[in-house]
Amino acid sequence: MRILLVYATVEGQTRKIADHVAERLSGGGNDVTQIDATDVHKAPDASAFDVAIVAAPVHIGTFPAPLRRFVEKNSATLMARPGAFVSVSLTAASADESEIAELDQIVEKFSQETGWWPVSIHNAAGALKYTEYDFFRRWMLKRIARKEGGPTDTNRDHEFTDWVALDKFVDEFVAQAPHLAGKI
């Protein structure tokens with residue numbers, strides 16, 4: 001299967017997720033074209049791929065502007081084939097159902113703004129990269145983590161991505177994609 005994988009990253013965790021997905025799919029015999037949305041402005045023609053996967057982090061209630069612009073400009077191309085969206089946020093690790101519902105609303109708003117409606121969505125937990133933050137950001141995120149019962153050791157980074165769940169999501173999406181293509 002020919003797969004377009006478009007991502008944007010802020011702190012690097014979404015790039016790590018996109019690299020992992022690309023490696024997994026390539027290892028399964030798929031032809032993966034991986035694009036950083038901040039580096040290009042136009043996707044290949046829809047006939048160049050069978051499915052699209054987009055991955056982006058949520059920061060301050062929205063997705064990165066370069067990815068939003070990319071998806072909006074290429075929504076017709078992306079809508080021409082089954083699409084999956086991987087939303088990356090620490091909130092995805094929350095046990096609070098209202099916080100997960102808020103993530104769903106952020107993705108819904110993204111679709112309304114861009115005109116791209118993925119057929120499958122996965123909320124992946126991100127990471128706390130304390131060692132990369134400046135003093136203020138580290139202090140702020142430590143306070144939030146403490147309040148939420150999360151890790152507060154700022155001497156190391158803490159990754160929350162559930163790789164098994166991500167792999168299951170990607171595998172199921174790719175397996176179902178040929179059946180979804182006829183419904184778009």
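A salt bridge here is a side-chain nitrogen of Lys or Arg within 4 Å of a carboxyl oxygen of Asp or Glu. The model is predicted: local features need pLDDT of at least 70, side-chain atom pairs count only at pLDDT 80 or more, and totals for chains, interfaces and linings use all residues. Residues are numbered from 1 along each chain as its sequence is written, and side-chain values use heavy atoms, with hydrogens and water left out.

**View 1. Lys 109 and Glu 113 in helix H4.**
Lys 109 forms a salt bridge with Glu 113, and their closest N and O atoms are 3.8 Å apart. Both residues belong to helix H4 (residues 97–114); because they are four residues apart there, about one helical turn separates them. Helices (H or I, at least four residues) and strands (E, at least two) are DSSP runs, numbered from the N terminus. Lys 109 is partly exposed at 48% relative accessibility, and Glu 113 is partly exposed at 38%. For these classes, buried means under 20% relative accessible area, exposed over 50%, and partly exposed in between (1.4 Å probe, protein chains only).

**View 2. Lys 168 and Glu 172 in helix H6.**
A salt bridge joins the side chains of Lys 168 and Glu 172, at 4.0 Å from N to O. The two are four residues apart in helix H6, so about one helical turn lies between them. Lys 168 counts as exposed, with 51% relative accessibility, whereas Glu 172 is partly exposed at 38%.

**View 3. Arg 24 and Asp 171, a link between helices H1 and H6.**
Arg 24 pairs with Asp 171 in a salt bridge whose closest N and O atoms are 2.6 Å apart. This pair links distant parts of the chain, with Arg 24 in helix H1 (residues 13–27) and Asp 171 in helix H6 (residues 163–181), 147 residues apart. Arg 24 is partly exposed, with a relative accessible area of 35%; Asp 171 is also partly exposed, at 34%. A network of salt bridges links Arg 24, Asp 167 and Asp 171. The structure holds seven salt bridges.

Ser 87 sits in strand E4 (residues 83–88). Is Ser 87 buried or exposed? Ser 87 is buried, with a relative accessible area of 1%. Leaving out residues up to four places away in sequence, Ser 87 touches Ala 56, Val 58, Phe 63, Val 107, His 122, Asn 123 and Ala 124. A contact means heavy atoms within 4.5 Å.

**View 4. The whole chain, for orientation.**
The protein has six helices and seven strands, which run β-α-β-β-α-α-β-α-β-β-α-β-α from the N terminus on. Its C-alpha atoms fill a box of roughly 50 × 35 × 30 Å, taken along the principal axes. Buried residues make up 42% of the 184 residues. Of the contacts between residues at least 6 apart in sequence, 79% join residues at least 24 apart. The protein carries 20 positive and 26 negative side chains, and the centres of the two sets lie 4 Å apart. In this count Lys and Arg are positive and Asp and Glu negative, with His and the chain ends not counted; each charge is placed at NZ of Lys, CZ of Arg, CG of Asp or CD of Glu.
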